[in-house]
Each structure stands twice: as structure tokens, then as C-alpha cells.
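Reader: I would like to learn how to read the strand pairing and packing of a fold from its coordinates. Could you take me through a case?

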Amino acid sequence: MSDNINRKPANFDWVAERGGCSVRQMFEQLRLVIAQDVEAINKHIRPMDERPRSFKIAEDKKTIKVYEDDPHFDSGPSVLFLLKGNVIKVKDGETGQSLFELSITLNDAGECRFTIGGEERDSWQVRRKALEGIFFRS
């Protein structure tokens, strides 16, 4: 019975839905929620921490860089989200090492979703996987 709740009608226009499920569209959605994450972590960081720190975003059409803005260092930890063809590459901004790669799919429920290694992920899971290491490092 629960199977019928998520079923699309027989005339579901999967072609139109998949056409709107683009890597560019998902990258833009990611850009908006990453900005919210940066705002949230900056509110979370206590002014009484051992050293003042905050996070910022630098971006252009195909790149989102989230980085720690630390007045004591020339460059702190960062994460890059790079729009490359049909994927979004996520890299360590200091080393350039690949962290993971995101693909986009229209799943069996008709939802546009991120995938990592073929497994579906929600946006928050993608962002946690990419940003947790720099936001909550010791």
C-alpha cells in the first residue's frame, strides 16, 4: 500500500522532469544552501574560542570555495565545489586532492537527486560530507 503513495501517474512526463534535473540547476541550489551553512557556522562559532575564526565563500559561475578566514594565516582550510561537465567535483582547496564527485539523477520516485558513487544523497548529506572537516576541526 505505501508503494502507491510515491507512485507517479502513468502519464508522468519523466523526459521533462529529467530535462529540468540538470547539474547546473543542482549546482545553483547547492550554492544557496552552502551560503546558509556558512552563515550558520559563523553564528555557531563562539567569540570566546581560543582564536578568532570565521568562514567565507568565494564564487564564480563554475566554482564555489568555502574557506576559513584566519587573520593569523595566509590560507586556511578550504573546500572547492567545481562544476565540470556533467558532474560536480569536490576537492580539498589546500591540496587539490579530490574528496568526491557528485552526479545528478532522476530517481524512481521522480525526484532530482545527487549521487555519490551511485548512491543517492540529500543536499545536507553532500554538504556535511564536504564541509564537516573544516567547520568542526580541532
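Reader: Which residue is the bridge partner of Lys89 in β5?

Author: In general, strands of a sheet pair through backbone hydrogen bonds, either parallel or antiparallel. In this predicted model, Lys89 has Glu101 of β5 as its bridge partner. The strands β4 and β5 pair in the antiparallel sense, over four bridges. They form a hairpin with five residues between them, and Gly96 in that turn has a positive phi of about 80°.

Reader: And how many bridges join β3 to β4?

Author: Six bridges join them, and the two strands run antiparallel. Phe81 stands opposite Val90 of β4. This hairpin has two residues between its strands, with Gly85 in the turn at a positive phi of about 65°.

Reader: What about β5 and β6: over how many bridges do they pair?

Author: Four bridges, in the antiparallel sense. Here you can look for Thr105, which stands opposite Arg113 in β6.

Reader: What is the strand order of the sheet?

Author: The order is β1-β2-β3-β4-β5-β6-β7, an open sheet of seven strands with antiparallel pairing. Its edge strands are β1 and β7 (119–121), each of which pairs on one side only. From one strand to the next the twist averages 25°.

Reader: Where does the sheet come in the run of elements from the N terminus on?

Author: The protein has four helices and seven strands. Their run is α-α-α-β-β-β-β-β-β-β-α. α3 lies across β1, β2, β3, β4, β5 and β6, and runs at about 160° to β1. α4 lies across β1, β2, β3, β4, β5, β6 and β7, at about 145° to β3.

Reader: How many residues does the largest nonpolar core have, and which have the most contacts inside it?

Author: The general idea is that in soluble globular proteins, nonpolar side chains tend to be buried together. In this case the largest nonpolar core has 27 residues, and Val66, Phe81, Ile88 and Leu102 have the most contacts inside it. The elements that give two or more residues to this core are α3 (23–44), β2 (63–69), β3 (78–84), β4 (87–92), β5 (98–106), β6 (112–116) and α4 (123–135). α3 supplies the largest share, seven residues.

Reader: With which residues is Ile88 in contact, leaving aside its neighbours within four places in sequence?

Author: Its partners include Val23, Phe27 and Leu30, along with Phe81, Phe100, Leu102 and Phe114. For the protein as a whole, take contacts between residues at least 6 apart in sequence: 42% of these join residues at least 24 apart.

Reader: How many aromatic pairs does a search of the whole structure find?

Author: One. Phe55 and Phe135 form an edge-to-face pair, 4.8 Å centre to centre with 65° between the planes. The pair links distant parts of the chain, with Phe55 in strand β1 (residues 54–60) and Phe135 in helix α4, 80 residues apart.

Reader: Are Phe55 and Phe135 buried or exposed?

Author: Buried means under 20% relative accessible area. Phe55 counts as buried because its relative accessible area is 2%, and Phe135 is buried because its value is 8%. Across the protein, buried residues make up 32% of the 138 residues.

Reader: Over which rings do the charged ends of Lys65 and Lys129 sit?

Author: The charged end of Lys65 sits over the ring of Tyr67, 5.6 Å from its centre. For Lys129, the charged end sits over the ring of Phe100, 5.4 Å from the ring centre.

Technical notes: Residues numbered from 1 in each chain as written. Predicted model: local features only at pLDDT ≥ 70, side-chain atom pairs only at ≥ 80, totals over all residues. Heavy atoms only, no water. Core = buried A, V, L, I, M, F, W, Y, C linked by side-chain atoms within 4.5 Å. Buried < 20%, exposed > 50% of the residue type's maximum accessible area, 1.4 Å probe, protein only. Contact = heavy atoms within 4.5 Å. Phe/Tyr/Trp six-rings, centres within 6.5 Å; stacked < 30°, edge-to-face > 60°. Lys NZ or Arg CZ within 6 Å of the ring centre and 35° of its normal. Pairing = 2+ DSSP bridges. Axes fitted to C-alpha atoms, helices over the stretch in contact; angles between N-to-C directions.
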